[in-house]
Amino acid sequence: MRWHTQDTGEVLKTLASSKDGLTSSEAALKLAEFGPNTLKEGKKRTKLQMLAGQFKDFMILVLIAAAVVSGIVGDLKDTVVIVIIIILNAIIGFIQEYRAEKAIAALKSMAAPKAFVKRDGVTMAVASSDIVPGDIVILEAGCFVPADLRIIESANLKIDESALTGESVPIEKTTAILDEKDLPIGDWRNMAFKGTIVPYGRGVGVVVATGMETELGKIARMLTEEKEVKTPLQKRMARFGKRIAIAILVICAVIFFAGIARGEAPILMLLTAISLAVAAVPEALPAVITISLALGAKKLITQNALIRKLPAVETLGSVTYICTDKTGTLTINKMTVEEVFTGNKLYEIKNNEKLEESKAGRLLQTAMSISNDVSIDNDGSLIGDPTETAIFKAADDNGFEKKVLERDFPRVAELPFDSERKMMTTFHKVPKGGYISFTKGGVEVIINNSARVLSGGGLEPIDTHSLTKESERMAADGLRVLAVGMRRWEELPEKVTAAEVERGLTFLGYLGLMDPPRAEAKEAISLCKRAGIKPVMITGDHPITARVIAMRLGIIERDEGVMTGGGLARLSVAEFEEKVLAISVYARVGPDQKLKIIKALQDKGEFVAMTGDGVNDAPALKRADIGVAMGITGTDVAKEASHMILLDDNFASIVGAVRSGRRIYDNIRKFILYTMSSNTAEILAIFLPPFFGLPIPLLPIHILWINLVTDGLPGLALAAEQEEAGIMERDPRHPKESVFAAGMGFQIIWVGALMGGVTLVSQALAISVGTHWQTIVFTVLCLSQMGNALSVRSEKRSLFSIGILSNRPMAAAVALTFILQMATIYVPFLQQIFRTESLSLKELAFALVMSSVVVIVMEFRKLWKGKRSFKASKG
């Protein structure tokens, strides 16, 4: 039902009610028919189901299989490490999911526990859950609106709907019919909605919807129905896990049967194949990912971004679109006087331009200072209506102090603002005798009630045409324009009525107000564009204001248009998806339309971050690839539905988080390159020697040892690596891009082949001269991987230019691995466990030289690629 298009009598008749309300028996029947006025939750998963769900990831299943196999082989160290990693990941995932389930609980808490209604002709307090359609609800300042209401009486009633519609200032309510059927709910000024707050005035409304049929209920339904999408990292790791599991099984089967065919002992080949399978599984990968994300999340807190769901840290690096609210995120969320027009001259306050010393300027600023109800708190903060505080501050900043002026111009009478008059007036005593009244309000009513204008040359007849033209120019620049007039009195009127005192005014000037853009937002928008990310503004504000802010920030150019909620409603999904990539600003949109925008962009293959603060934003925040809630102005519902919370509500903080997300994904890729090339080397070192008439070089315990010391600490140290140069100068990676993209698959193969080849050559040379060849091979393969770990720290820059000690955890991990490897060679009881022999100084030197080949080749390749890139850029 479009209740806002019907008159109050018609609404009451449709609902079988009256201004005296329902009877108790009628209310009981309706409660049975419509049910309680509460928000229903979807079917909830138990905590046990949530915990069990953490073990369904394919990579985790591969690790569980590896743990079982490792236990069978008898290597309990690997089993314990793998089990700890699995449990850690399960706990983190469970906590994230459990917190997300609180979204509906936070939504339910917004319902008013008690409400005042008329029943049986008397006013009584009833439980909010017992309210039914047709009930007459009394609204007073400070109360929650308990259900959706059609307003039937209003006495300066204002309702704060920011949580529901995003409108930053309280909305004045009326009883009048609204003729337009397709108005966005932010313009339904004769309606009040469940969960909103009454900060001012009083009113009466008839309940038209309760529970899940309210606007709040519709959002709750969307929140329960809307599924979160998997992050790119989760999708990539699922694909990676399946591929690696298949590859490992195939390779190990080939090695087992090839060994049997060569006449090797079946039990030795079985243990070798199983050990190789365990070693080939990158069991440290989930730990590296978790630690990378946790370190990133910790760092982001210092940049005013609180991560609620760990995968969101990396997800930021994939973002191609950032859909952001305007108020408070791109703007400072505070009304400010930007322009003043007085004495036939315009002053740009936003550019720190001061008003000239003139009679008109002094009187206007005096009115700005004292004709308001603004007060100053003990901590210096301003208390009062946002518009009035902005006007007061502009005068105060220019030296017109209210405390000083009120001593000379004490207030003696006033006419409060009225929505019908659209004006307010205050009377003040003048030091030299007599009185002065200041009237401010809408442009049209002030001009129509003014007879003269005070200009630089004194009093002049009012030129309505030129003044109207100036106000239209200011409004076209997105400013909210107020006019100020004055009138002098010898005596205070006996009856201070609007008809008597708000006419025959002298026009003093215009005040142009706006919630201006944040200074840092423009640079952040520019950085987004350089990084290949498109910023999109989605606001409930007016199209003109949205367009002006977007132009000032560089989101759109002058010739680009704005899509309104009404225009969006007229487009089918298919029609909208054809246009969605070309639209950068949306204005006057509803919560379901935000969801429509997100889905359309995702259907086009875009990866979307969405900011929001209100209840109305919660479904879109949950659906977005990364939902970003506001920490200061955000509701609990929005925060619970989000992946990340901005502690300072600042757009620039999102861009900083994107930078961190890119760094984290780069580091995860570096670990995959490191571990997979090392695992490839291990496979080749076992598989190739028999084809060259050489024995299998390593025992199962050697393989498991190398796997333990090289995969763990050095891999985890890569999580601490600093960002690559120019990280925000490149386009975002495609969400469907393989983890092996950009030549990484080829690099894994050639680096693995290089290490495997070096190991094979070391084995052949060591055997030919009759040395302790197996211990040499064991050492070369282990230490070659340390060289690999050092070199993969940067894709482009050499190890020496970034500095070995610039990543201290990596330097420590390499040093510790070297010490442990030496211990297996030279400590007697470890020699017995690992079946190693002490190497002579020459043998150790030979092993160290062969181990260095990998890092030297990798560093020369970077140098060669750098020179080629330089020549290409010059040519």
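**Figure 1. The side chains of arginine 473 and aspartate 477 form a salt bridge, with an N to O distance of 2.9 Å.** A salt bridge is defined as a side-chain nitrogen of Lys or Arg within 4 Å of a carboxyl oxygen of Asp or Glu. The model is predicted, so local features need pLDDT of at least 70 and side-chain atom pairs count only at pLDDT 80 or more, while totals for chains, interfaces and linings use all residues. Residues are numbered from 1 along each chain as its sequence is written, and side-chain values use heavy atoms, with hydrogens and water left out. Arginine 473 is partly exposed at 28% relative accessibility, and aspartate 477 is partly exposed at 34%. Here buried means under 20% relative accessible area, exposed over 50%, and partly exposed in between (1.4 Å probe, protein chains only). Both residues belong to a salt-bridge network that links Glu339, Lys350, Glu470, Arg473 and Asp477.

**Figure 2. Two further salt bridges join glutamate 357 to arginine 362 and arginine 518 to glutamate 520.** Side chains of opposite charge can pair when their charged atoms come close. In the pair of glutamate 357 and arginine 362, the N to O distance is 3.5 Å. Glutamate 357 is exposed, at 66% relative accessibility, and arginine 362 is partly exposed, at 39%. Arginine 518 and glutamate 520 meet at 3.6 Å, N to O. Arginine 518 is buried, with a relative accessible area of 15%, whereas glutamate 520 is partly exposed at 33%. The count of salt bridges comes to 25.

**Figure 3. Leu48, Leu51, Phe55, Ile64 and Val68 make a nonpolar surface patch of about 420 Å².** Patches consist of residues with over 30% relative accessible area and no salt bridge; like charges are joined within 9 Å and nonpolar side chains (Val, Leu, Ile, Met, Phe, Trp, Tyr) within 5 Å. Accessible areas come from the Shrake-Rupley method with a 1.4 Å probe, and for residues only the protein chains shown count as cover. Helix H3 (47-53) and helix H4 (58-73) each contribute at least two residues to the patch. Leucine 51 is placed in helix H3 and is partly exposed, with a relative accessible area of 32%. Helices (H or I, at least four residues) and strands (E, at least two) are DSSP runs, numbered from the N terminus.

**Figure 4. Strands S25 and S26 pair in the parallel sense within an open sheet.** The sheet has 8 strands in the order S8-S26-S25-S24-S9-S21-S23-S22, with mixed pairing. Strand S8 (305-307) and strand S22 (563-564) stand at the edges with a single partner strand each, so one side of each has no neighbour in the sheet. Two strands pair if DSSP finds at least two bridges between them; S25 (residues 626-630) and S26 (residues 644-646) share 3 bridges. Alanine 629 has isoleucine 645 of S26 as its bridge partner.

**Figure 5. Histidine 643 lies in the loop between helix H25 (636-641) and S26.** Histidine 643 is buried, at 6% relative accessibility. A polar atom of its side chain lies 2.6 Å from the backbone nitrogen of glycine 627. Histidine 643 and leucine 306 are 337 residues apart in sequence and 8.8 Å apart in space, C-alpha to C-alpha.

**Figure 6. Helix H26 (residues 651-687) is largely enclosed by the rest of the structure.** Of its 37 residues, 31 are buried. Asparagine 650 caps the N-terminal end of H26, with a side-chain oxygen 3.0 Å from the backbone nitrogen of alanine 652.

Methods:
Expected span 1.5 Å × (residues − 1). Polar contact = N/O pair within 3.5 Å; in protein donor to acceptor, adjacent residues only side chain to side chain.
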